[in-house]
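Visitor: I would like to learn how to read aromatic pairs and nonpolar cores in a model. Please take me through one.

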Amino acid sequence: MNKDNETVIPIIEVLLVEPGKSPQIKIIEDTLRSMRRVVGGNIQTYPLEDGAVLVCDEEGKIKNKPINRAIRIYDSETGEFKTTDVIVGTFFVCYAPEGSEEFWSLPERLQEKYLKLFSENLRIDLKI
């Protein structure tokens, strides 16, 4: 609570990616309830690079949500990327450094990186 006895709700800055729309930086409440509202269901996470995390609806496929992006993994044997999964429905990208149990605001350098990635591509290429 602040000095006026008002509840202060924590917020984080994320990259919001909706199907068929350009990604955009948004401020959301840093609560599980708010995150569920943003993705439209229970949250599921996919680790990206640099401590970034993609957060989506874990039941999006069951709910027949529209395809948003394809995830492709680099195959070192063939030297090619192979589609391994698709992300459906609205998702957001935030920051969760290794060992952290919380989501944080996406740093500006990662905002720029993922804004460009999701603006130009309908796929996510990972080298893991």
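This is a predicted model: local features need pLDDT of at least 70, side-chain atom pairs count only at pLDDT 80 or more; totals for chains, interfaces and linings use all residues.

Visitor: How is a pair of aromatic rings described?

Guide: Two quantities are used, the distance of the centres and the angle of the planes. Here the count comes to four aromatic pairs. One of them joins Tyr74 and Phe81, with 5.3 Å centre to centre and 65° between the planes. That pair is edge-to-face because its angle is over 60 degrees.

Visitor: Is Tyr74 buried or exposed, or something in between?

Guide: Tyr74 is partly exposed, because its relative accessibility is 29%. Phe81 has a relative accessible area of 27%, so Phe81 is partly exposed as well.

Visitor: What kind of pair do Phe91 and Phe118 make?

Guide: An edge-to-face one, because the ring planes stand at 75°, with the centres 5.4 Å apart. Phe91 belongs to strand S7 (residues 91-95) and Phe118 to helix H2 (residues 108-120), so the pair links distant parts of the chain, 27 residues apart.

Visitor: How accessible are Phe91 and Phe118?

Guide: Buried means under 20% relative accessible area. Phe91 is at 0% and therefore buried. Phe118, at 2%, also counts as buried. Ring pairs join Phe91 and Phe118 with Tyr114 in a cluster.

Visitor: Which residues touch the most other members of the largest nonpolar core?

Guide: That core has 15 residues, and the ones with the most contacts to other members are Leu15, Ala52, Phe91, Val93, Leu106, Tyr114 and Phe118. Strand S1 (11-17), strand S4 (52-57), S7 and H2 each give two or more residues to the core. There is also a second, separate core of 12 residues, with Leu16, Ile28, Val39 and Phe103 among them.

Visitor: What does Phe91 touch, not counting residues up to four places away in sequence?

Guide: Its contacts include Leu15, Leu16, Val17, Val39 and Leu54. Asn68, Arg69 and Phe118 are also among them.

Visitor: Where does Ile25 lie?

Guide: Ile25 is in strand S2 (residues 24-29). Its relative accessible area is 30%, so Ile25 is partly exposed. Leaving aside neighbours within four places in sequence, Ile25 is in contact with Glu13, Val14, Leu15 and Gln111.

Visitor: How far apart are Ile25 and Leu115 in sequence and in space?

Guide: They are 90 residues apart in sequence, and their C-alpha atoms are 8.2 Å apart in space.

Terms used:
Residues are numbered from 1 along each chain as its sequence is written. Side-chain values use heavy atoms; hydrogens and water are left out. Rings of Phe, Tyr and Trp (its six-membered ring) pair if their centres lie within 6.5 Å; planes under 30 degrees apart count as stacked, over 60 as edge-to-face and the rest as tilted. Buried means under 20% relative accessible area, exposed over 50%, partly exposed in between (1.4 Å probe, protein chains only). Helices (H or I, at least four residues) and strands (E, at least two) are DSSP runs, numbered from the N terminus. A nonpolar core is a set of buried Ala, Val, Leu, Ile, Met, Phe, Trp, Tyr and Cys residues joined through side-chain atoms within 4.5 Å. Contact means heavy atoms within 4.5 Å.
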